[in-house]
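User: I would like a close look at a single part of this structure. Please keep the answer plain and connected.

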Amino acid sequence: MLEIKNLHVKLEEEDKQILKGVNLTVEAGKVHAIMGPNGSGKSTLSYVLSGRDGYEVTDGEASLLGEDILDMEPEERAAAGIFLAFQYPVEIPGVGNMTFLRTAVNAQRKARGEDELSAADFLKEVRAKAKTLKIDADMLKRPVNVGFSGGEKKRNEILQMAMLEPKMCILDETDSGLDVDAMKLVSEGVNALRDEGRGFLVITHYQRLLDHIKPDVVHIMADGRIVKTGGPELALEVENNGYADILAEEGV
Amino acid sequence: MGLPDQKQTATEALLATLTMPEGGCLAAARKAALSRVQTLGLPGRRDEYWKYTRPDTLVQPDAPAAAVFDAGEAPMFDEFDRIKVVFVDGVFSPEESDDLSLEGISIERIADICDKDIHWGKDLYGVLEARGQDPVARPLAALNTAFAQDGVAIRVTGTPSKPVNLVYRHQSDSSDAILHHIVRVESGATATILENGPAASRFNKCMEVDVADGGTLHLVRAQGRDHERRAATHLFARLGKESVFKAFTLTVNGVLTRNEAVIELTGDDAMAHIAGACVGDGDFHHDDTVFITHDAVNCESRQVFKKVLRNGATGVFQGKILVKEGAQKTDGYQISQSLLLDDDSQFLAKPELEIYADDVACSHGSTSGAIDEEGLFYLRSRGVPADVATDLLTLAFLAEAVDEIEDDEIAGALVTRLEGWLARRR
Ligand SMILES: Nc1ncnc2c1ncn2[C@@H]1O[C@H](COP(=O)(O)OP(=O)(O)O)[C@@H](O)[C@H]1O
Ligand SMILES: [Mg+2]
């Protein structure tokens, strides 16, 4: 599904190398988790994959279903199937959440040559999906993420993901700032989307999220590289002992 | 004390081209206005009040030509049930207008008010304009009072079932129109006036609005889309006790627009909201100049102005709140913001507060900014193409001003126009 080879990324504005050779393959139907200390480059990786400005790929490649994505515009990547649940969802005053969702869904359908969803069908779908995430009508009407609590913002990200039905879901610290109940809602939302044809890359600091969203593979990222890869037990090891031992072992 | 030579010459040059209409009962008002023009002189480039907007083309004897623009879409407000009052190049057209009778409101041509021995209009025509000359001179408004060739007198006595729509058609490439309307809203009466259309190649419009105690007036105008048209408009309003006046202006295109609003809150607990949204591309200069005077207790005023500027367009905002002695519990709010879609465009703002009462809450703010890159990326990451996302953010920027319109259907119609304008520029 997602294939990243030897990816090197520096900041455009300053001479700072952030990703220093990331290799990672996420297969369809699998959940990969990335853990790692703050500042190791996890968010940068997710931004580079979704096409944010400000980064320069100096080496390596990234493809989705065999298609190079690094030259695509962010909206093309989205239509191709990449979705990033932001670590810090952006507030957009003046744009209603519902308008935003409908514009996004229909823009992607249009880009893929599909018919737009009728207003009625869209409404039916969004209501049903919002309900399972305990997102009420008021939240759908309000401007995107404006005045939302941390938990509401994260649930809103999952709602967008559910509506857009991407092929490759990247979740950047979706668990941060969530209480136990919200964590459960979000995890259920993600699990409902688990599917043979869909890949997940879950970035997190905590084992806690991985109790709910069971990963197939766990990677440890440090200083711009994947330094260790293992099964779910690797996350438990981090939970119990922190990163120090692993990093020392790998010579980082 | 005479005028500086240059001003004197320019003023005489324009006056020489104008003929004062038969004044009838308004002759005295027109003559008084003419002498105001002669005393004040027409606006010149060195006038402080015209620091950001060059008045040259507004005062030169001949109106610069402006092509009539075929927008290829139905005129604004066409879908609304309304009473249409049509002016073609500044002249009332009975053929194109609706029957002007409606319960709760009377609409007459200015020229006809002298037919009656007693008419409220005789006490309003030129009166608020004259009051509005102090402390800042507005000679183009005085010129208007003196030479207006047409206009309507609207008196609201009840709650008319539909809005009055003043439609300004532009027909000749060289038309130079002067219109003067007077509006009196009686105690407890409520009405909505809509205005739309480019009117003329050069348009000088003045509207005097007198809202009696407990009256309410909504004014929504859409200034026409002809690219080369020029307009100088003045809105003078005097608000009585517990009265409400809400005005909104949408400006799309036009090479030069100067909209002045001069509002006086003279009765306690009155409310005035003056708002505007404009979008300009290229050769576009738009100036909102607002002067709100609080002269009563517990009044509220709001000024909300938003400008979207691209390809070297210029936006100007001069807004003042004057709180007179004794105007306690004044609530004055003023915001002016521009969204600059490129580095060539500019926004010049001069917000002012002058307060002589101690128990007041007044705030003002002015900002100029580019499109929010974070928001743009967020939208694009969801699959929204960059141009569509930019439009969404642009409309969102304008929303605070458009929200000032109380009627959702009217607001919706304006938003549709804005969407169209933006979409055509993708
Ligand atoms: N736009 C930026 N400007 C400056 N430094 C940045 C920027 N983006 C990322 N960095 C730096 O790159 C490193 C990796 O950051 P990030 O990807 O956010 O890490 P993580 O998500 O793993 O905590 C950090 O040292 C961070 O300070
Ligand atoms: Mg991060």
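Which side chain does B:Arg382 meet in a salt bridge? Please go on from there to the parts around it.

Analyst: This is a predicted model. The side chain of B:Arg382 meets that of A:Glu157 in a salt bridge, with 2.7 Å from N to O. The rule finds 4 salt bridges across the interface of chain A and chain B. The contact takes 30 residues from chain A and 16 residues from chain B. The two chains bury about 1,800 Å² between them, and 67% of this area is on carbon and sulfur atoms.

On the chain A side, the next part to look at is the sheet. In chain A, 6 strands form an open sheet with mixed pairing, in the order 6-9-10-3-11-12. Strand 6 and strand 12 (residues 225-230) of chain A stand at the edges with a single partner strand each, so one side of each has no neighbour in the sheet. From one strand to the next, the twist averages 20°. Helix 6 (residues 150-164) of chain A packs on this sheet and touches strand 6, strand 9 and strand 10 (residues 199-203). The direction of helix 6 makes about 165° with that of strand 6.

Strand 6 and strand 9 (residues 168-172) of chain A run parallel and are joined by 4 bridges. A:Leu84 stands opposite A:Ile170 in strand 9.

The magnesium ion (ligand 2) is coordinated by A:Ser43 through OG and by A:Gln87 through OE1, at 2.1 to 2.4 Å. A:Ser43 lies in helix 1 (residues 42-50) and A:Gln87 in the loop between strand 6 (residues 82-85) and strand 7 (residues 92-96), so the pair ties together parts 44 residues apart in sequence. Both A:Ser43 and A:Gln87 are buried.

Terms used: Residues are numbered from 1 along each chain as its sequence is written. Chains are lettered from A and ligands numbered from 1 in the order in which they are written. This is a predicted model: local features need pLDDT of at least 70, side-chain atom pairs count only at pLDDT 80 or more; totals for chains, interfaces and linings use all residues. Side-chain values use heavy atoms; hydrogens and water are left out. Donors are N, O and S atoms within 2.8 Å of the metal (3.2 Å for Na, K and Ca); water is not among the atoms, so sites may look incomplete. Helices (H or I, at least four residues) and strands (E, at least two) are DSSP runs, numbered from the N terminus. Buried means under 20% relative accessible area, exposed over 50%, partly exposed in between (1.4 Å probe, protein chains only). Two strands pair if DSSP finds at least two bridges between them. Axes are lines fitted to C-alpha atoms, for helices over the stretch in contact, and angles run from 0 to 180 degrees between N-to-C directions. Contact means heavy atoms within 4.5 Å. Buried area is the accessible area (1.4 Å probe) that two parts lose on being put together, summed over both.
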